[in-house]
Amino acid sequence: MSRTTTWLTAPLCLYFVGFVGIPLLLIFFISLHDTPAMTGIGIKGYIRFFSDAYNRGVLLDTLLLGVETTVIDILLGFPVAYLYVAAPRWRRFLMFMVLLPLLTSTVVRTFAWVVILGNHGLINTLLAQAGLIGTPLRLLYTPGAVAVAMAQIELPLMILPLITAIGGIDAHIIEASHVLGAGRWRTLRRIVLPLCVPGLLTGTLLVFTGAVSALVTQTLVGGGQLAFMPFYIYQQAIQAQDYPFAACVAIVLLMTILLIVSILNALGRRSAGYVHG
Amino acid sequence: MPPSSDTGQNAANIRLEGVSHRFGQTDVISDVSLDIADGEFVALLGPSGCGKSTLLRILAGLQEQTIGRVLIGERCVDGLPPRTRGVGIVFQNYALFPHMTALANVAYGLEAVGISRAEALVRARDALAGVQMTPFGERKPRALSGGQQQRVALARTLAIGPRILLLDEPLAALDKNLRLDMQLEIRRLQRALRITTVMVTHDQEEAMGMADRIAVLNAGCVEQFDTPEAIYDRPETLFVANFVGAANMLEAELQGGPEGFRLHLADGTLDLAKPAPASRPGRVQASIRPEHWSVAPADGEGPTATVSIVTPLGPSALVDLVLSDGRPCRFSFPRAQGVHLTPGDQIRLGLQPGAAIRLFV
Amino acid sequence: MSLPVISRRNLLRFAGAATLAFAAPQVRAAGGHVTATTFPGAWEEAHRRFLLPAVQSATGMEVTLTASQAVDTVTKLAAAQSNPPFDVVMMDEGPFLQGVGLGLFRPMVAGAVPNLASLPTRFVHPEGLGAYVSAQVFGIAYNKERISTPPAAWEDLLSPAFKGRVGLVGLDSTLGTVWMVALAKMLGGDEDHMDPAFDFIAKLLPNVGAVAANPGALGTLFQSGQIDISCHYLNNVASLAAKDVPVALTRPASGWGLVRSLMCVTKNTAVPDLASAYINVALSEPVQRQMAGAPYYLAPTNSKVAFGSEMALIAKNAGEIDQFVQTDWMKINPRRAEYIDRFNRLVKR
């Protein structure tokens with residue numbers, strides 16, 4: 001790297017050190033205090049977090065939400081990305097539809113889900129009118145509802161890398177598969193899917209990290225009876241005024257996400273190796 | 001051993017009947033009819049954009065022609081997907097599956113047609129052996145050289161026992177030395193398997209060196225479909241004369257008389273026994289290859305020329321001349337003839353005995 | 001290696017200094033500009049509609065109004081004490097007491113707030129660190145279409161008829177906290193003895209249809225039919241009713257509950273007199289009367305303002321609402337984290 005280009009990255013580096021690095025260190029430092037009044041240095045906060053099944057449950061529920069959201073987005077996103085690449089004339093329309101969630105505010109999107117999933121919402125009304133249910137199904141304020149709402153919001157982040165990955169597959173490779181006698185399904189399973197793995201991992205990374213940290217959606221669609229890490233942090237810091245413990249929860253979440261991101265990145269490097277060699 | 005022993009018996013002839021292909025408002029292929037015999041090796045030769053690749057894709061079933069019929073083994077295959085046509089294709093970039101080993105690439109097509117995995121691997125190993133790639137079976141494509149990838153691609157295509165082998169610019173991505181080796185290799189395999197083969201290329205030497213017959217394409221039309229010798233010696237159209245081999249294109253005046261035909265060119269005349277393909281007296285374009293010329297005695301009737309550059313090319317020498325009317329012209333001769341020319345020399349040109357110069361209106 | 005012990009106050013101060021190092025010095029218009037906070041939602045709407053024009057005409061000063069929850073405001077002030085981002089802030093009782101503890105507020109400028117004289121004494125902080133500008137009354141909110149007999153007491157929520165129809169609001173909100181205190185007092189406990197309230201919630205759980213993350217979400221739940229009964233504020237219920245949501249508020253046998261909101265002048269503001277003048281306008285009769293009217297129904301604290309329309313059904317004036325069930329935030333604040341935690345675990349599914 002030349003001197004000039006090194007210097008060009010200086011502002012960004014400074015920005016990161018100043019507004020990400022130092023605050024993170026600060027949070028880590030705060031987390032090492034034993035009492036809400038910030039007296040006593042130690043790791044009591046972490047011990048308190050991990051020794052309590054409630055807290056571990058909150059962490060697991062949060063990670064589970066990330067996994068569910070990611071799985072839903074892969075299942076929904078892959079066909080759309082495939083269609084986008086395969087049907088050029090639908091591209092403008094599809095891209096618009098894909099980006100639409102990004103163009104609406106989180107709060108509006110989230111309240112739309114409240115309207116759809118409520119006891120007297122769209123789904124329950126339809127089911128009741130069809131005579132399928134007597135009393136409304138409890139849909140809102142369930143972990144499933146949060147995962148579905150999250151999936152809708154995060155979907156573009158899965159579809160866009162998938163479009164890049166599928167679009168990057170040499171058309172001749174697909175044709176070669178067809179000429180060698182493979183049908184569409186075999187081609188999809190044996191050729192397209194494996195070659196999409198890098199895009200799939202990028203999308204998974206974006207969707208998972210987005211889902212586990214989406215405070216607003218988790219709170220509004222999840223209601224007060226489901227506990228997820230981001231709101232737990234907010235509650236501990238702002239409402240309970242227990243900064244050290246809030247910092248502990250934040251560091252635990254951060255470390256867990258970092259661990260998962262590192263694993264995905266390592267997988268991504270391996271898959272990118274065989275795809276782009 | 002050959003990748004698949006029963007391939008030869010299944011080889012099939014190909015017939016294209018009035019095939020045209022339109023893309024939007026453009027005719028990519030116009031009214032192409034070709035008859036390719038069982039076991040024949042045909043090259044589709046032409047400049048880029050002449051429609052040769054489209055024609056190959058139509059044959060493969062990767063594209064559907066707008067008009068016309070395609071018959072393989074006397075059966076119309078229009079509307080049939082690639083896999084039921086019995087064709088195999090090797091793409092220019094080989095299109096190997098990057099996430100699979102060479103062996104898995106070759107076994108892929110066998111598994112796709114329902115052969116068990118174990119049996120597919122056995123046959124794939126045989127196919128790799130057929131292209132001398134046995135030691136590389138466990139490598140991924142990125143760990144193979146261009147030539148090795150090419151062999152794997154060939155083995156993959158031949159393993160499924162196609163009746164027709166289609167090659168899309170198979171050697172374009174290789175460097176020159178490797179290209180000659182692969183030419184021989186492909187030719188050897190094709191002969192051994194007696195598989196009907198259609199190869200697309202823009203390289204005339206490749207076409208000349210490999211094909212039984214060459215179809216020269218220009219702007220979607222077949223200009224000439226003949227043996228390499230005929231294409232070179234008796235080009236039927238001005239385009240073919242220009243495109244295949246080097247030729248001097250000179251405007252001249254053809255005069256016909258009872259004693260024979262005479263061609264007036266610059267300050268001289270040349271006697272022609274039988275002008276072809278154009279034979280009507282009048283203005284013509286004469287296609288004269290450099291090796292058609294000879295140095296004539298100073299008192300001959302041929303045109304005079306001044307030597308400007310002499311380029312020795314191993315066994316032969318290439319001479320750049322300027323005719324008396326100022327037009328440039330090229331002349332080549334075997335250096336073994338002992339002729340010595342230096343720039344500035346004035347010479348009189350004549351024709352080699354039997355030189356088949358071609359006239360076009 | 002020994003780490004220096006840093007108090008939270010010092011740390012926040014450090015964080016504030018770090019922020020300031022990057023921030024451009026704030027330029028204020030000379031003689032007539034204050035920066036104020038209000039609560040998001042109806043409060044902001046009402047303040048922009050009534051308070052700001054009144055301030056403008058009474059004092060001629062300009063106001064920059066920012067919507068911010070009280071707890072967030074406290075955090076922002078604590079982080080930048082030497083150069084506070086706001087001159088005058090809106091506070092709930094709980095966060096106000098925290099702010100007092102952190103030394104975030106200064107007394108209102110003597111003589112600049114003559115309207116203080118019209119407030120019941122308990123509605124002004126003894127040291128003048130804040131003045132109660134409004135009160136919110138809470139009671140039993142219910143869907144009057146689906147519940148024909150108005151509930152009469154909090155115990156009615158336990159009725160099997162309300163299975164899956166009761167709404168709760170988290171203890172991290174002011175409403176959730178004051179309601180729990182009201183339940184505890186009804187059942188013989190108090191701010192320090194909350195067990196009866198938690199036992200009540202445990203019994204109530206089978207009936208709980210949803211736990212709202214904040215009071216605003218309760219409105220959405222009523223609207224969408226997710227819940228039919230819960231505790232709620234009068235002003236929120238009134239504004240729902242104004243939107244044709246069939247919700248009404250009724251008095252529980254144990255009495256109406258009360259939550260009060262204050263305005264405070266920040267410690268190091270450059271314009272304490274202007275900030276005090278702003279509070280004076282907020283306490284003035286006309287502004288308080290307007291805020292008490294439809295559709296906001298924010299109960300006035302100025303005794304001279306008679307309660308009209310909906311408010312009249314509940315009390316005659318500020319003096320009367322002072323008798324409602326109130327919460328001692330001095331006692332609640334130290335144990336708030338514990339109660340929040342206990343509530344979270346109780347309701348988690």
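In the predicted model, the buried residues of H5(C) are C:Thr174, C:Leu175, C:Gly176, C:Thr177, C:Val178, C:Trp179, C:Met180, C:Val181, C:Ala182, C:Leu183 and C:Ala184.

Q: Why is H5(C) called largely enclosed by the rest of the structure?
A: Buried means under 20% relative accessible area. Eleven of the 13 residues of H5(C) pass that test, so the helix is largely enclosed by the rest of the structure.

Q: How do you know what span to expect for helix H5 of chain C?
A: The expected span is 1.5 Å times one less than the number of residues. Helix H5 of chain C covers residues 174-186, which is 13 residues. That gives an expected 18 Å. From first C-alpha to last, the helix reaches 18 Å, close to that expectation.

Q: What comes just after H5(C)?
A: C:Gly188, with a positive phi of about 95°.

Q: What makes C:Lys348 and A:Asp61 a salt bridge?
A: The cut-off is a Lys or Arg side-chain nitrogen within 4 Å of an Asp or Glu carboxyl oxygen. The closest N and O atoms of C:Lys348 and A:Asp61 are 2.8 Å apart, so the pair qualifies. The rule finds two salt bridges across the interface of chain A and chain C.

Q: What else links chain A and chain C, and which helices of chain A take part?
A: Twelve residue pairs are in polar contact between these chains. Helices H2, H4, H6 and H12 of chain A each supply at least two residues of the side that touches chain C. H12(A) gives the largest share, seven residues. By class, this side of chain A has 21 nonpolar, 14 polar and three charged residues.

Q: How is the size of an interface often given?
A: As the accessible area lost when the parts come together. Chain A and chain C bury about 3600 Å² between them, 56% of it on carbon and sulfur atoms. Of the area that chain A buries here, A:Tyr54, A:Gln225 and A:Gln239 supply 19%, more than any other three residues. The contact takes 38 residues from chain A and 37 from chain C.

Q: Which chains touch with the most contacts, and which do not touch?
A: Two pairs of chains touch, and chains A and C have the most contacts. Contact needs heavy atoms within 4.5 Å. Chain B and chain C do not touch, and their nearest C-alpha atoms are 45 Å apart.

Q: What makes B:Arg57 and A:Glu175 a salt bridge?
A: The 4 Å limit applies again. The closest N and O atoms of B:Arg57 and A:Glu175 are 2.5 Å apart, so this pair qualifies too. Between chain A and chain B the count is two salt bridges. Six residue pairs are in polar contact across that interface.

Q: What does the contact of chain A with chain B involve?
A: It takes 22 residues from chain A and 26 from chain B. The two chains bury about 2100 Å² between them, 64% of it on carbon and sulfur atoms.

Q: What secondary structure does chain A have?
A: Chain A comes to 13 helices and zero strands. Buried residues make up 48% of its 277 residues.

How values were computed:
Residues numbered from 1 in each chain as written. Chains lettered and ligands numbered in written order. Predicted model: local features only at pLDDT ≥ 70, side-chain atom pairs only at ≥ 80, totals over all residues. Heavy atoms only, no water. Buried area = accessible area lost by both parts, 1.4 Å probe. Polar contact = N/O pair within 3.5 Å; in protein donor to acceptor, adjacent residues only side chain to side chain. Helix = DSSP H or I, 4+ residues; strand = E, 2+ residues; numbered from the N terminus. Nonpolar A, V, L, I, M, F, W, Y, C, P; charged D, E, K, R; others polar. Buried < 20%, exposed > 50% of the residue type's maximum accessible area, 1.4 Å probe, protein only.
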